[in-house]
Amino acid sequence: MSLKRKASTLPTSDAKKPKANGSITSFFGAPKTVSTTQKPTGTATTSAPSSSAPATPVSKFDKEAWVKKLTPEQKDLLGLELETLHESWLKELKDEILSDSFLELKRFLKREVEAGKKVFPPAEDVYSWSRHTPLNTVKAVILGQDPYHNHNQAHGLAFSVRPPTPAPPSLKNIYTCLKNDYPSFSPPPNKGGLLTPWADRGVLLLNTCLTVRAHEANSHANRGWEKFTQKVIEIVDKKRLGGVVFLAWGAPAGKRVTKVDRKRHHVLTSVHPSPLSASRGWFECQHFKKTNAWLKERYGEAGVIDWDLAVKPVDAGI
């Protein structure tokens, strides 16, 4: 099976750019104008008729009418969600973000920033996964854990880091596994670790926690993000009726997919690609090839994911 596929129609770049909002500034700092450091690649799979393509029509959602019903405090606490969470996800998560547990999470995050704590990823990137991979485009889900907690690393996509930061050890092991599955695989240039091309091709790169205090791993764990991101998994499970592939690496990720409907979806589990566990079967798991084999059987060539990360002519604007 070939690794590389032709380009198809992808979500517009506007969907990936959050809008500036005062309520975001009030507890996350002033957002920037873009959420990535590189143009998303246009490389994906060839579009197919609606009967076979793994895309679901997006139902209408009157966001403006819904927002009008919110209290002033809700609007203030949820400024980041209202301005940067893609509407395909907001429609499904609107009740969850109004829950007491999520509002308390947002109060905690507000206190963190008011106390002078640096929070990663930057505000405009917390929900970048939702803009790069709208709900109706999801083909596969890769589950991560805590965001990277050093500068110029986390940008809202699990396992991905911004250039010029080199790929961390776990991501290097992911590349090795990919090379085993597809000898033609090429990583990003300059030993990089930017995975936005995958996200733009329908791979939801979702962390368990979406924020972390700078240089303090797991500092935002057990504050409410776990419940929220579990809801994201449940939404994919229930709404992507044609079926997607869930890739759960390591015991914590495996626990998060125990309730996924395996008659509809395909669930792949393995040890984590971390150097601490990769030697126990990671390099031979063939998850990337197995993902494409299942998608091809379900959707035909239109469903197969291009895993290659080399810069292509379309990336450079040619």
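Two strands are taken to pair if DSSP finds at least two bridges between them. Helices (H or I, at least four residues) and strands (E, at least two) are DSSP runs, numbered from the N terminus. The model is predicted: local features need pLDDT of at least 70 and side-chain atom pairs count only at pLDDT 80 or more, while totals for chains, interfaces and linings use all residues. Residues are numbered from 1 along each chain as its sequence is written, and side-chain values use heavy atoms, with hydrogens and water left out.

Strand S2 (residues 140-143) pairs with S3 in the parallel sense over four bridges, and Leu143 stands opposite Leu206 in S3. Both strands belong to an open sheet of four strands, ordered S3-S2-S5-S6, with parallel pairing. Strands S3 (203-206) and S6 (266-270) stand at the edges with a single partner strand each, so one side of each is left without a neighbour in the sheet.

Helix H10 (residues 225-239) packs on this sheet, where S2, S3 and strand S5 (245-249) are touched; contact means heavy atoms within 4.5 Å. The direction of H10 makes about 160 degrees with that of S3. Axes are lines fitted to C-alpha atoms, for helices over the stretch in contact, and angles run from 0 to 180 degrees between N-to-C directions.

Helix H6 (residues 100-114) packs against H10 at an angle of about 130 degrees, with the axes 9 Å apart. From H6, the contact is made by Ser101, Phe102, Leu105 and Leu109, and from H10 by Trp225, Lys227 and Phe228.
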